[in-house]
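Welcome, and please open the model in your viewer. We will walk through it one selection at a time.

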Amino acid sequence: MEEFRQALTSNGYPPQNRKYNDFINSLRIAQITTRDETAMYLATLLHESDGLRATGEYYNPASVNAYGNYTGRGYIQLSGIENYRAASNALGYDYVNDPGSVAKDPHAWNVSAWYWATEAHGFVPQGFQTVVIKGIRPLQPHMENRIKIYENVCNAFGVQPRL
């Protein structure tokens with residue numbers, strides 16, 4: 001719990017202690033078994049969700065036009081009906097007909113962990129930047145900020161950053 005709290009506060013986010021158990025439970029769905037990958041995962045969650053404070057995309061008219069009811073939701077911003085459909089099939093909940101649930105716990109955790117397992121987990125051996133570019137956001141937005149968050153999370157977890 002202390003490492004989790006320190007990972008958040010060292011990045012300027014509130015401690016979010018009440019979210020710790022959900023985070024730990026999401027590691028199983030995400031297929032994460034190492035501290036190294038845990039740091040990559042948490043750093044990604046922190047960046048994507050503004051420190052675990054946002055489970056829905058901040059209003060973006062372009063995103064609404066592109067994705068309609070399937071805009072970014074969850075701690076890793078799941079977007080597009082195809083992703084909502086795939087998450088529904090994998091997790092056994094109808095996110096296509098209830099897209100708003102992706103912004104609510106425990107669904108926000110479950111969908112984010114599922115996305116990590118299917119899209120990012122395989123890139124972990126290649127390092128954090130590859131996870132981001134190939135598994136999360138191919139256009140590399142805000143990479144400097146992502147790396148700063150990741151380095152702080154690594155420090156909190158006592159692991160060496162693997163960029």
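Before the first selection, one term: a crossing of two helices is right-handed if the near helix is turned clockwise from the far one by less than a right angle, and left-handed if it is turned anticlockwise. Keep in mind too that this is a predicted model.

**Stop 1: α3 and α6**

Select α3 (35-48) and then α6 (residues 107-120). Here the term comes into use, as α3 passes α6 in a right-handed crossing. The two axes come within 12 Å and cross at roughly 125°. Angles from 65 to 115 degrees count as roughly perpendicular and those over 145 as roughly antiparallel, so α3 is oblique to α6.

Now show the side chains. Which residues of α3 meet α6? They are Glu37, Met40, Tyr41, Thr44 and Leu45, and their partners in α6 are Trp109, Ser112, Ala113 and Trp116. Colour this contact of α3 with α6 by class and you will find 6 nonpolar, 2 polar and 1 charged residues.

**Stop 2: α5 and α6**

On the α5 side, pick Asn83, Ala86, Ala87, Ala90 and Leu91; on the α6 side, pick Asn110, Val111, Trp114 and Tyr115, which they meet. By class, the contact of α5 with α6 holds 7 nonpolar residues, 2 polar ones and no charged ones.

**Stop 3: α1**

Next, go to α1, residues 2-9, and highlight Phe4, Ala7 and Leu8, which are buried. Turn the view until you look down the axis of α1: the buried residues fall within an arc of 95°, so they line one face of the helix. What do these buried residues pack against? Bring up α2 (20-29), α3 (35-48) and α8 (143-157) to see their partners.

**Stop 4: Ser49**

Finally, centre on Ser49, in the loop between α3 and α4 (61-67). Is Ser49 buried or exposed? Ser49 has a relative accessible area of 0%, and because buried means under 20%, Ser49 counts as buried.

Leaving aside residues up to four places away in sequence, Ser49 touches Ala54 and Tyr75. To end the tour, draw a line from the C-alpha of Ser49 to that of Ile76: the two residues are 27 residues apart in sequence and 6.7 Å apart in space.

How values were computed. Residues numbered from 1 in each chain as written. Predicted model: local features only at pLDDT ≥ 70, side-chain atom pairs only at ≥ 80, totals over all residues. Heavy atoms only, no water. Axes fitted to C-alpha atoms, helices over the stretch in contact; angles between N-to-C directions. Helix = DSSP H or I, 4+ residues; strand = E, 2+ residues; numbered from the N terminus. Contact = heavy atoms within 4.5 Å. Nonpolar A, V, L, I, M, F, W, Y, C, P; charged D, E, K, R; others polar. Buried < 20%, exposed > 50% of the residue type's maximum accessible area, 1.4 Å probe, protein only. Arc of directions from axis to C-beta. Parallel < 35°, antiparallel > 145°, perpendicular 65-115°, else oblique.
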